Amino acid sequence: PALASSITISDTALKIGDTATVTFTFTEAVGGFTTADVTVPNGVLSNLSSSDGGLTWTATLTPNATTTAASNVLTLDNTGVADLAGNAGSGSSTSGNYAVDTVRPALASSITISDTALKIGDTATVTFTFTEAVGGFTTADLSVPNGTVSSLSSSDGGITWTATFTPTASVSDATNVITLDNTGVADTSGNAGSGTTDSNNYAIDMVRPTAAIVLSDTALKIGETATVTFTFS
C-alpha cells in the first residue's frame, strides 16, 4: 500500500485554541496504522480512525503550547501499515507545511514614561514595547489615572508603540500608574494577550501655589509697625 495523495491538514496556521483535522488517504485499505507511525513536530495526533474500512483515515492535530514554529511537516512511516493481504508499505510520505504560534503577545519590558514628575504645561511620551508585533491596540485598552493618552501609533510594524500623555488640569497626586489590559491586543496569528501590565509611577502637580496675606495691625499710627505674614498653599 502507498499514499494516493499527500497527507492533508485542514488548518495550516495553528494558534492558541486551534486544532486541525489530518486526513490520510491510501490506495487500498490498510491496517496496523497508529499515531506512532507519524512524526508530528510541535504537536500531537489523537483520535486516529477510519470510517470506510481503512482506506481513508482522519486524526486530530493539536499544536504544542507556548510554541512558535513556522515550518513543520507530518511524516508518515509507511512501513507501519499493511494491506489486507499483509503487504507492508515502504518509504515515507509527508504533508504540506503547517505553522504553529501558541505564544501570547506580551510587553518585553514595563511601560515607560519619559517624564515622571509632571507640572503645568508638561506632557510625556509613553512607550510600549512588545515581544512581537501586535494589532488592535487602542487607547481604550489603557487605564490612565489623572490624565489622558493620545496619538497612539507604531512606526515599526506593531512592536514598539508610543503615545502622548497629558495630565489632568488642577490635580495634584504623587502616585499614579498607567495600566494596559493585554487582552486588548493580539499578535499576527490572532493570539490575544493576557493579564495586565503597569507602568512605572508618575507624579502630577497641576495646581498653582496661592498665598494668604495677613497684617497684625490694620490701623497704624505714628510709631507703630505691623507684622505681615504670607502663608502659601
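Strands β13 and β15 pair in the antiparallel sense over two bridges; by pairing I mean that DSSP finds at least two bridges between two strands. Strands here are DSSP runs of E with at least two residues, numbered from the N terminus. Within this pair, Thr112 has Thr127 of β15 as its bridge partner.

Before I continue, please note that this is a predicted model, in which local features need pLDDT of at least 70 and side-chain atom pairs count only at pLDDT 80 or more, while totals for chains, interfaces and linings use all residues. Residues are numbered from 1 along each chain as its sequence is written, and side-chain values use heavy atoms, with hydrogens and water left out.

The pair I began with belongs to an open sheet of four strands, ordered β13-β15-β19-β18, with antiparallel pairing. At its edges stand β13 (112-113) and β18 (147-154); each has a single partner strand, so one side of each is left without a neighbour in the sheet.

What joins β15 to β19? Six bridges link strand β15, residues 124-129, to strand β19, residues 160-167, and the two run antiparallel. In β19, Trp161 is the bridge partner of Phe128, and Ala163 is that of Val126.

Let me turn to the two faces of β15. In a regular strand the side chains alternate between the two faces of the sheet. In β15, the covered face carries Ala124, Val126 and Phe128, and the uncovered face carries Thr125, Thr127 and Thr129.

A nonpolar core is a set of buried Ala, Val, Leu, Ile, Met, Phe, Trp, Tyr and Cys residues joined through side-chain atoms within 4.5 Å. Buried means under 20% relative accessible area, exposed means over 50%, and partly exposed lies in between, with a 1.4 Å probe and protein chains only. The largest such core has 24 residues, and those with the most contacts inside it are Phe128, Phe130, Phe137, Leu142, Phe165, Ile178 and Tyr202. Strands β15, β18 and β19 each supply at least two residues of this core. A second, separate core has 21 residues, among them Ile9, Phe33, Leu48 and Trp57.

There is also an open sheet of three strands, in the order β17-β21-β23, again with antiparallel pairing. Its edge strands are β17 (142-143) and β23 (196-198), each pairing on one side only. Strand β21, residues 179-181, pairs with β23 in the antiparallel sense over three bridges; in β23, Asp198 is the bridge partner of Thr179.

I close with the surface. Ile213, Leu215, Val228, Phe230 and Phe232 form a nonpolar patch with about 520 Å² of accessible area together. Patches consist of residues with over 30% relative accessible area and no salt bridge, with like charges joined within 9 Å and nonpolar side chains (Val, Leu, Ile, Met, Phe, Trp, Tyr) within 5 Å. A salt bridge is a side-chain nitrogen of Lys or Arg within 4 Å of a carboxyl oxygen of Asp or Glu, and accessible areas come from the Shrake-Rupley method with a 1.4 Å probe. Strand β26 (228-232) gives the most to this patch, with three residues. Ile213 lies in strand β25 and is exposed, with a relative accessible area of 54%.

Where does Thr210 lie? Thr210 is in the loop between β24 (203-205) and β25 (211-215), and at 52% relative accessibility Thr210 counts as exposed. Leaving aside residues up to four places away in sequence, Thr210 touches Thr231, Phe232 and Ser233, where contact means heavy atoms within 4.5 Å.
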